[in-house]
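This briefing describes the structure shown below, moving from its overall division to selected details. Please keep the sequence and the 3D view at hand while reading.

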Amino acid sequence: MKAVIINEFGGTGVMKIEDVERPVPAADEILIKVYASGVNPVDRAVREGGNDILRPYLKWPLILGWDASGIVEEIGSNVTNFKKGDEVYGVPNFPGNGSYAEYMAAKASQFALKPKNLSFNKAAAIPLTGLVAANSIFDLGKLEAGQRIFIQGASGSVGNFAVQFAKVKGAYVIGSASTDKLEFVKQLGADEVIDYKTQSFEELLQDIDVVLEASSVRDNKERLKSIAVLKKGGIFISANVDFPFDDAVKKAMEKKNVKGEFLAAQTNHLTWLNQFA
Ligand SMILES: NC(=O)c1ccc[n+]([C@@H]2O[C@H](COP(=O)([O-])OP(=O)(O)OC[C@H]3O[C@@H](n4cnc5c(N)ncnc54)[C@H](OP(=O)(O)O)[C@@H]3O)[C@@H](O)[C@H]2O)c1
């Protein structure tokens with residue numbers, strides 16, 4: 001089969017289309033004929049060298065792409081929830097071989113049936129960012145109806161899902177974005193929007209229950225401001241797993257009894273997501 005592989009870190013030029021062995025699904029895996037692959041910031045980050053946490057897991061040749069939709073071609077001997085011909089979508093194998101390929105084998109638990117009314121292209125844009133948004137809000141943020149959540153980067157791929165999920169939950173949602181995207185964030189359902197280019201959220205907010213750092217900003221000084229707007233015992237969740245909390249952030253969280261978490265697409269919420277398709 002054909003796949004886009006990398007054999008070294010670098011710019012877009014390190015991606016090569018080559019013939020590789022078609023994978024064989026293990027007992028708990030499905031073999032998927034890939035119809036569409038999503039592209040995320042993490043694809044570029046891995047291609048450019050990953051980080052200290054990821055690098056030991058990256059093996060050459062590596063197939064990038066951790067968002068996919070396709071059709072089940074084969075099922076592993078222990079798989080009972082899919083059959084050949086099912087249309088599926090999910091987050092395969094991160095940080096192992098991904099979806100820039102004609103076929104991929106991935107754990108059945110990482111996939112769900114694709115809603116019939118979503119095209120393969122649209123479906124492949126959802127799983128990774130949709131799951132990290134759901135994971136951050138429901139599993140880590142424990143968001144409840146009536147609570148106030150501040151979503152930084154509400155116009156982004158993770159953030160826009162987070163705004164919508166938080167609204168479904170019945171929370172009061174405040175989202176930050178750049179000037180041109182504020183209207184979009186309002187249309188998603190945000191109760192309040194903050195323009196990060198012209199406003200300082202730390203002057204506008206206080207006693208927030210949950211802050212989700214879904215922006216691409218990696219700056220512990222910004223995090224100190226986020227912790228300042230949280231209530232005592234609030235929850236701070238960051239999407240930027242590659243950028244650890246420094247001592248000042250840890251201290252500020254401890255002082256306010258704030259719980260700090262890094263999100264990941266750990267739990268498969270795709271079946272839950274399907275009700276909105
Ligand atoms: N842990 C995981 O599994 C995981 C998964 C996916 C993503 N991520 C990380 O989560 C972050 C968001 O990913 P994404 O795919 O949603 O990215 P994205 O679509 O590029 O969104 C980035 C967001 O950050 C906002 N932003 C940019 N510069 C900003 C600034 N100076 N101040 C405040 N906000 C700013 C953008 O606002 P405007 O567009 O309005 O300027 C946008 O809302 C990335 O850092 C990504 O690496 C982590």
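In this predicted model, the chain is divided into two parts, domain 1 (2-125) and domain 2 (128-262). The centres of domain 1 and domain 2, taken over C-alpha atoms, are separated by 29 Å. The contact between them draws on 7 residues from domain 1 and 5 residues from domain 2.

**The boundary between the domains**

- The size of an interface is often given as the accessible area lost when the parts come together.
- Here, domain 1 and domain 2 bury about 460 Å² between them, and 60% of that area is on carbon and sulfur atoms.
- On the side of domain 1 that touches domain 2, the residues fall into 4 nonpolar, 2 polar and 1 charged.
- Between domain 1 and domain 2 there are 0 salt bridges, while 1 residue pair is in polar contact.

**Overall form of the chain**

- The secondary structure of the chain consists of 9 helices and 14 strands.
- Along its principal axes, the C-alpha trace of the chain spans about 55 × 40 × 35 Å.
- How does the radius of gyration of the chain, 20 Å, agree with what a compact globule would have? For 277 residues, a compact globule would have a value near 19 Å, so the 20 Å of the chain agrees with it.

**Salt bridges**

- Side chains of opposite charge can pair when their charged atoms come close.
- The count for the model comes to 15 salt bridges.
- One of them joins the side chains of Lys 2 and Asp 19, with 3.0 Å from N to O.
- Lys 2 belongs to strand E1 (residues 2-6) and Asp 19 to strand E2 (residues 16-19), so this pair ties together parts that are 17 residues apart in sequence.

**Backbone details in the loops**

- Which form does the peptide bond from Trp 60 to Pro 61 take, cis or trans? This bond is cis, with omega near -15 degrees.
- Pro 61 is placed in the loop between helix H1 (41-47) and strand E4 (62-63).
- The peptide bond from Phe 94 to Pro 95 is also cis, and its omega is near 0 degrees.
- Pro 95 is found in the loop between strand E6 (87-90) and strand E7 (103-107).
- Lys 142 has a positive phi of about 50 degrees, although this residue is not a glycine.
- The loop that holds Lys 142 runs between helix H3 (127-140) and strand E9 (148-152).

Definitions and conventions. Residues are numbered from 1 along each chain as its sequence is written. This is a predicted model: local features need pLDDT of at least 70, side-chain atom pairs count only at pLDDT 80 or more; totals for chains, interfaces and linings use all residues. Side-chain values use heavy atoms; hydrogens and water are left out. Domain bounds come from an automatic or database domain assignment. Contact means heavy atoms within 4.5 Å. Buried area is the accessible area (1.4 Å probe) that two parts lose on being put together, summed over both. A salt bridge is a side-chain nitrogen of Lys or Arg within 4 Å of a carboxyl oxygen of Asp or Glu. A polar contact is a pair of N or O atoms within 3.5 Å; within protein, one must be able to donate a hydrogen and the other to accept it, and residues adjacent in sequence count only if both atoms are side-chain atoms. Ala, Val, Leu, Ile, Met, Phe, Trp, Tyr, Cys and Pro count as nonpolar, Asp, Glu, Lys and Arg as charged, and the others, Gly among them, as polar. Helices (H or I, at least four residues) and strands (E, at least two) are DSSP runs, numbered from the N terminus. The radius of gyration is taken over C-alpha atoms; the globule rule is 2.2 Å times the number of residues to the power 0.38.
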